[in-house]
Amino acid sequence: MAQLVGLLWAWICLLHSAVGMNYEDGECVFPFQYENKMFYDCIKFKAKHKWCSVNATYEGYWKYCARDDFAKCVFPFWYRRMIYWECTDDGHKFGKKWCSLTKNYNKDQVWKFC
Ligand SMILES: *[C@@H]1O[C@H](CO)[C@@H](O)[C@H](O)[C@H]1NC(C)=O
């Protein structure tokens with residue numbers, strides 16, 4: 001059984017190295033461009049686990065996202081006509097607090113729950 005798991009891992013690693021390079025020491029760069037789209041957080045795209053690019057434009061260097069790698073709130077951010085210095089429940093129908101992942105929510109419209 002252990003042998004089988006080992007084999008499976010080797011196979012998965014091989015598969016990944018064929019696609020690009022796992023760069024665990026790097027830092028996620030947000031936003032990053034991948035296949036002509038911009039991403040502001042770790043993505044689960046063609047992968048089992050969320051990952052990010054360590055270059056502003058994806059060039060084969062990537063890493064799996066650990067807890068500290070996910071995009072963080074950006075303060076202050078601009079939403080409608082207001083500047084926010086902390087998470088807000090404004091505009092959220094269930095009153096859950098959220099924040100913007102860029103300085104300009106009006107333009108970029110990327111966010112997460114706090
Ligand atoms: C992309 O990131 C990797 C890892 O940090 C680095 O070695 C490489 O030089 C970077 N590429 C560019 C164009 O900066």
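Visitor: Is Ser53 buried or exposed?

Guide: Buried means under 20% relative accessible area, exposed over 50%, and partly exposed in between, with a 1.4 Å probe and protein chains only. Ser53 has a relative accessible area of 0%, so this residue is buried. The model is predicted: local features need pLDDT of at least 70, side-chain atom pairs count only at pLDDT 80 or more, and totals for chains, interfaces and linings use all residues. Residues are numbered from 1 along each chain as its sequence is written, and side-chain values use heavy atoms, with hydrogens and water left out.

Visitor: Which residues is Ser53 in contact with, leaving aside its neighbours within four places in sequence?

Guide: Contact means heavy atoms within 4.5 Å. With those neighbours set aside, Ser53 touches Glu27, Cys28, Val29, Phe32, Tyr58, Tyr61 and Trp62. A polar contact is a pair of N or O atoms within 3.5 Å; within protein, one must be able to donate a hydrogen and the other to accept it, and residues adjacent in sequence count only if both atoms are side-chain atoms. Here a polar atom of the Ser53 side chain lies 2.7 Å from the backbone oxygen of Asn55.

Visitor: Where does Ser53 lie, and in what order do the strands of the open sheet run?

Guide: Strands are DSSP runs (E, at least two residues), numbered from the N terminus, and two strands pair if DSSP finds at least two bridges between them. Ser53 lies in strand β4. The open sheet has 3 strands in the order β1-β5-β4, with mixed pairing. Its edge strands are β1 (21-22) and β4 (51-53), each of which pairs on one side only. The pairing of β4 with β5 (residues 61-64) is antiparallel, over 3 bridges, and Cys52 stands opposite Lys63 in β5.

Visitor: Which residue does a disulfide join to Cys52?

Guide: A disulfide is a pair of cysteine sulfur atoms within 2.5 Å. Cys52 is joined to Cys28, with an S to S distance of 2.0 Å. Cys28 lies in the loop between β1 and β2 (32-34) and Cys52 in strand β4, so the bond ties together parts that are 24 residues apart in sequence. The torsion about the S-S bond is about -80°, and the disulfide is therefore left-handed. Cys28 counts as buried at 15% relative accessibility, and Cys52 counts as buried at 0%.

Visitor: How many disulfides does the structure hold, and what is the pairing of the bonded cysteines in sequence order?

Guide: The structure holds 4 disulfides. Numbered in sequence order, the bonded cysteines of the protein chain pair 1-3, 2-4, 5-7, 6-8. Among the disulfides is that of Cys42 and Cys65, with S to S 2.0 Å; its torsion of -95° makes the link left-handed. Both Cys42 and Cys65 are buried.

Visitor: Which residues surround the ligand?

Guide: A residue is near a molecule if one of its heavy atoms lies within 4 Å of it. Tyr23, Val54, Asn55, Glu59 and Tyr61 surround the ligand. An oxygen atom of the ligand is 2.4 Å from a polar side-chain atom of Asn55, while a ligand nitrogen lies 3.0 Å from an N or O atom in the Glu59 side chain. Of the 360 Å² of accessible area that the ligand has on its own, the protein covers 48%; such areas come from the Shrake-Rupley method with a 1.4 Å probe, and for residues only the protein chains shown count as cover.

Notes. Helices (H or I, at least four residues) and strands (E, at least two) are DSSP runs, numbered from the N terminus.
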